[in-house]
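Subject: Structure handover

Hello,

Here is the structure we discussed, with its sequence. My notes on what was found follow below.

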Amino acid sequence: MLQIVGLLIVLVLGSSLPAGSKDPAATTRVGPDLTTPAAPGSSADPAATGVRDQTVAPGSLDPGGPGVVFIVRHAERADAGMAAAKMAGADPELSDAGKARAAALAALLKDAKISAIFTTEYKRTRDTAQPLAAATGIAAAAVDSKDAAGLIDKVKASAGNVLVVGHSNTVPEIIKALGVSETVAIPDDQFDNLFVVIRGARPTLLRLHYR
């Protein structure tokens, strides 16, 4: 599992380094051959293949570079499968599985040099972010779920690495607003996505999974 996390760090660092960097990580890619430089524009070049999909385990995750935005959907809700879950404005807490996932997210990102955490006004997003907020001492700021433009302004104004906890219908909108062209969809029963947007002139998107 540590090898997976290590490969992720190399991939993100390589994608975040300025053009012309001499760091060997800048030419390292994740694939069958872990040491062969990827030619720009080739099928092995992350910029040419779009969303990358990997599974990661809890551990140290320090992306470095110009700044990274980690985006997740809230963890599992306590009213899943109930009629109340379909009611507009329903504001349930997390289920036991959701609380465990929130703890896993904190374990994964506690060393990622997070400088700001944004959630919506709903308990399930605030509770998903709470373990990381407690571990880092960074208070999560709630932004109205309907104010996508306001959220993006806050994210863009934040220096360093940022965590955003949203919803299945808002996460794709946030990713697009950050300059990523790939289309993202999140099934109703999927809670393990960790989207990583590496900021820059040409934002790069990685799609990871955590448990």
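Two strands are taken as paired if DSSP finds at least two bridges between them. On that basis, β6 and β7 are joined by 6 bridges and run antiparallel, and a hairpin of 5 residues connects β6 to β7. Please keep in mind that this is a predicted model.

Strand β7

His209 of β7 is the bridge partner of Asn193.

Helix α3 (residues 96–109) has 14 residues, which at 1.5 Å a residue should span 20 Å; the end C-alpha atoms are 20 Å apart, so the two values agree. Its buried residues are Gly98, Arg101, Ala102, Ala104, Leu105, Ala106, Leu108 and Leu109. The elements covering them include β2, β3, α4 (123–136), β5 and β6 (193–198).

In helix α5 (residues 148–157), the buried residues are Gly150, Leu151, Ile152 and Val155. They pack against β2 (68–73), β3 (114–119), β5 (161–166) and α6 (171–177).

Salt bridges

There are 4 salt bridges in the structure; notes on some of them follow.

Arg101 and Glu76 form a salt bridge through their side chains, at 2.9 Å from N to O. This pair links distant parts of the chain: Arg101 lies in helix α3 and Glu76 in the loop between β2 and α3, 25 residues apart. Arg101 counts as buried because its relative accessibility is 15%, and Glu76 counts as buried at 15% relative accessibility. The cut-off for buried is under 20%.

The side chains of Arg77 and Asp79 also meet in a salt bridge, at 2.7 Å from N to O. Arg77 is buried at 14% relative accessibility, and Asp79 is buried with a relative accessible area of 7%.

Another salt bridge joins the side chains of Arg211 and Asp192, at 3.4 Å from N to O. Here too the pair links distant parts of the chain, with Arg211 in the segment after β7 and Asp192 in the loop between α6 and β6, 19 residues apart. Arg211 counts as exposed at 60% relative accessibility, whereas Asp192 is buried, with a relative accessible area of 11%.

Regards

Terms used: Residues numbered from 1 in each chain as written. Predicted model: local features only at pLDDT ≥ 70, side-chain atom pairs only at ≥ 80, totals over all residues. Heavy atoms only, no water. Buried < 20%, exposed > 50% of the residue type's maximum accessible area, 1.4 Å probe, protein only. Helix = DSSP H or I, 4+ residues; strand = E, 2+ residues; numbered from the N terminus. Contact = heavy atoms within 4.5 Å. Expected span 1.5 Å × (residues − 1).
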